[in-house]
Amino acid sequence: MISVGLLALDIKSTVEYYPREDTGQRVIDQRWHRGGNASNTSTVLSLLGHKSAFVGTVARSHELSFLEKDFKKYDINIDRAIVKADCSAPTSICIINQQNGSRTILHHNKDLPELSCEEFKQFPLDSGIKWIHFEGRPNTDQIVGMLQHVETYNKSLGVNQPRIVTSVEFEKKREFSPIETFPDYLFISKEHAQFHGLKSKEQAVEFFVSKIKPSASVICAWSEDGAIAITKDSSPVTSAIFPPPKVIDTLGAGDTFNAATISALSKGHSLKDSITYGCKIAGAKCGIEGFDKLS
Ligand code: ADP
Ligand code: FRU
């Protein structure tokens, strides 16, 4: 399983209460985490027992040794990561409110170039790759090229050879792009749907299903309202959330949902069962700090 997208350093502070502007408080806990959507997704896929790899650009900065060690700790292959000199690692200051587990993210990406299609194509596609998940980042034209590259590879296969399944996630506030017509699975976040004026998960999938290719599916996680999925020729299926005993930390809940849903789909489970598993693992994640105890 390959996750393509962002690697960031998350500097995560847990606070007793959400800060008011121009005040000070001592934080309860502070730690560095390897973050970024694709990086988090690769972590959860590995914890769920998949052979996982991260592909993306990585800054040759002083944080790199921490990030590399952390990939190693989770047994995530980074042979296809492209190290870029003379730039800074993207960082997120993440505030976790101890009262409700909410996460507030202050993200900064100064000058790390996005992965180009040419860089992606440097690495051969082969039958060992089951699934490639792309984080929908600003380099949409490049991601379209990468998806076309995978499509060309799939078309070159014989009938009995397993094709590579693709998924793309749109999480941030981004405009529409032709990407939506390429992947087998399109993950839409609540934030992305709301940016397009959609008010519920039902509205979101009804809207995005018109943009995907005929055989594809749209999947949408909607925070405490669970998740929904649809294909062009079937009615939507839904899952409720699985609330943990206490919500501790929601940072990366969406990335966890995506990874767990992909894990279930890759094993041949139905859309309904896969999003239910996604909600189950994402709910468990919300009840713990980080991802470690998910496995
Ligand atoms: P994001 O991290 O992208 O903001 P969401 O907030 O939409 O992601 O959450 C993704 C999934 O995580 C939801 O579909 C749900 O299954 C699970 N989840 C989120 N918040 C909670 C919560 N408070 N309790 C249980 N599960 C949750
Ligand atoms: C969580 C996350 C963090 C990262 C931020 C980037 O979904 O991937 O790990 O710093 O979002 O926007």
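Which helices and strands each supply at least two residues of the lining of the largest pocket? In this predicted model, they are the strands β2 (8-15), β9 (103-108), β11 (165-170) and β12 (185-189), together with the helices α1 (37-47), α5 (190-195), α7 (253-266) and α8 (271-286). The largest share, 5 residues, comes from α7. The lining comprises 50 residues, and those nearest the centre of the pocket are R103, S223, T250, A253 and G254.

The second largest pocket is lined by 15 residues, of which M1, K51, A53, R80 and G128 are the closest to its centre.

| Pocket | Volume | Lining by class |
|---|---|---|
| Largest pocket | about 1300 Å³ | 20 nonpolar, 18 polar and 12 charged residues |
| Second largest pocket | about 350 Å³ | 4 nonpolar, 5 polar and 6 charged residues |

The largest pocket is also the space taken by ligand 1. Around this ligand stand 18 residues, the closest being S223, G226, G254, C279 and A282, and by class this shell has 11 nonpolar, 4 polar and 3 charged residues. Both α7 and α8 supply at least two residues of the shell, with the largest share, 4 residues, coming from α8.

A polar backbone atom of S223 is 2.9 Å from an oxygen atom of the ligand, a backbone N or O atom of G254 lies 2.9 Å from an oxygen atom of ligand 1, and for R103 a side-chain N or O atom is 3.4 Å from a ligand oxygen atom. Taken alone, ligand 1 exposes 560 Å², of which the protein buries 89%.

Notes
Residues are numbered from 1 along each chain as its sequence is written. Chains are lettered from A and ligands numbered from 1 in the order in which they are written. This is a predicted model: local features need pLDDT of at least 70, side-chain atom pairs count only at pLDDT 80 or more; totals for chains, interfaces and linings use all residues. Side-chain values use heavy atoms; hydrogens and water are left out. On a 1 Å grid over the protein atoms alone, a cavity is a set of points where a 1.4 Å probe fits but cannot get out, and a pocket is an open set with protein on both sides within 12 Å along at least five of seven lines; lining residues have an atom within 4 Å of a point. Grid points are joined across faces, edges and corners, and a volume is the space filled by probe spheres set on the points. Ala, Val, Leu, Ile, Met, Phe, Trp, Tyr, Cys and Pro count as nonpolar, Asp, Glu, Lys and Arg as charged, and the others, Gly among them, as polar. A residue is near a molecule or strand if one of its heavy atoms lies within 4 Å of it. A polar contact is a pair of N or O atoms within 3.5 Å; within protein, one must be able to donate a hydrogen and the other to accept it, and residues adjacent in sequence count only if both atoms are side-chain atoms. Accessible areas come from the Shrake-Rupley method with a 1.4 Å probe; for residues, only the protein chains shown count as cover. A molecule sits in a cavity or pocket if more than half of its atoms lie within 2 Å of its grid points.
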